Amino acid sequence: MIKIVCPHCLQINRIPLRESYTKANCGNCKSSLLDTKPRDVNYTSFTKHIQNSDIPVIVDFWAQWCGPCRMMAPAFESAALKLGLKTRFLKVNTEENQTIAGQFSIKGIPTIIAFKDGKEIDKVSGALSENQIINWIRKFI
Ligand SMILES: [Zn+2]
């Protein structure tokens with residue numbers, strides 16, 4: 001079994017580890033856990049995800065004024081959909097969440113950080129293509 005956090009209601013769910021899933025719903029809100037579109041998080045939801053996920057959590061630190069961030073957004077979203085439940089993709093708006101940005105010493109954006117078991121395991125800065133994002137994540141899954 002693996003622990004994953006429901007992207008809709010933040011309930012911690014335990015589901016069997018499979019190569020792929022056809023259906024998996026949250027035990028609490030009944031929404032699909034297979035909805036892997038990147039989620040915007042605040043301090044509370046960010047912390048809940050990184051501390052309670054058995055899968056790597058991939059976090060894009062961005063801001064509205066940052067052109068390269070906006071350019072990378074579709075690639076990030078598409079990578080999230082392709083990787084499915086092997087990872088959880090989140091987005092942190094650094095303007096609205098300066099505490100998280102400060103905690104992980106974000107110097108420039110976009111920056112993507114991979115977390116495993118609540119800890120930062122790798123970090124990459126600058127806009128990446130979908131393939132570059134997926135290849136970078138393949139090291140952790
Ligand atoms: Zn839920």
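Which residues have the most contacts inside the largest nonpolar core? They are Ile58, Val59, Leu90 and Val92, in a core of 27 residues. A nonpolar core here is a set of buried Ala, Val, Leu, Ile, Met, Phe, Trp, Tyr and Cys residues joined through C-beta atoms within 7 Å. The model is predicted: local features need pLDDT of at least 70, side-chain atom pairs count only at pLDDT 80 or more, and totals for chains, interfaces and linings use all residues. Residues are numbered from 1 along each chain as its sequence is written.

**Overall build**

- The chain has 4 helices and 7 strands. Helices (H or I, at least four residues) and strands (E, at least two) are DSSP runs, numbered from the N terminus.
- Along the sequence, the pattern reads β-β-β-α-β-α-β-α-β-β-α.
- The radius of gyration is 14 Å, close to the 14 Å that the globule rule gives for 141 residues, so the chain is as compact as a globular protein of that length. The radius is taken over C-alpha atoms, and the rule is 2.2 Å times the number of residues to the power 0.38.
- The C-alpha trace spans about 40 × 30 × 25 Å along its principal axes.
- Of the 141 residues, 30% are buried. Buried means that 20 or more other C-beta atoms lie within 10 Å of a residue's own; exposed means 12 or fewer, and partly exposed lies in between, with C-beta atoms placed from the backbone.
- Among contacts with a separation of 6 or more, 66% join residues 24 or more positions apart. A contact requires C-beta atoms, placed from the backbone, within 7 Å.

- An open sheet of 5 strands has the order 3-5-4-6-7, with mixed pairing. Strands pair if DSSP finds at least two bridges between them.
- Strand 3 (39–40) and strand 7 (119–125) are the edges; each has a single partner strand, so one side of each is left without a neighbour in the sheet.
- Strand 3 runs parallel to strand 5, joined by 2 bridges. Arg39 faces Leu90 in this pair.
- Strand 6 and strand 7 are antiparallel, with 6 bridges. Here Ile112 stands opposite Val124.

- All 6 of the 6 residues of strand 4 (57–62) are buried, so the strand is largely enclosed by the rest of the structure.
- Val57, Val59 and Phe61 are buried on one side, and Ile58, Asp60 and Trp62 on the other.
- Strand 4 runs parallel to strand 5 (88–93), over 6 bridges. Val57 lies opposite Arg88.
- Strand 5 is mostly covered, with 5 of its 6 residues buried.
- On its antiparallel pairing with strand 6 (111–116), strand 4 has 5 bridges. Ile58 is opposite Ala114 there.

**Cores**

- The largest core, of 27 residues, takes two or more residues from each of helix 1 (43–52), strand 4, helix 2, strand 5, strand 6 and helix 4 (130–138).
- Helix 2 supplies the largest share, 6 residues.
- Ile58 touches Thr87, Phe89, Ile112, Ala114 and Ile137, leaving aside residues up to four places away in sequence.
- Another core lies apart, with 5 residues, among them Ile4, Val5, Cys6 and Cys26.

**Helix 1**

- Phe46, His49 and Ile50 are buried in helix 1.
- Viewed down the helix axis, the buried residues fall within an arc of 90°, so they line one face. The arc is that of the directions from the helix axis to the C-beta atoms.
- They pack against strand 1 (2–5), strand 4, strand 5, helix 3 and strand 6.

**Phe104**

- Phe104 sits in the loop between helix 3 (98–103) and strand 6.
- Phe104 has 15 C-beta neighbours inside 10 Å, so it counts as partly exposed.
- Phe104 touches Ile113 and Glu120, not counting residues up to four places away in sequence.
- The C-alpha atoms of Phe104 and Asn42 are 14 Å apart, and the two residues are 62 residues apart along the chain.

Terms used:
Two residues are in contact if their C-beta atoms, placed from the backbone, lie within 7 Å.
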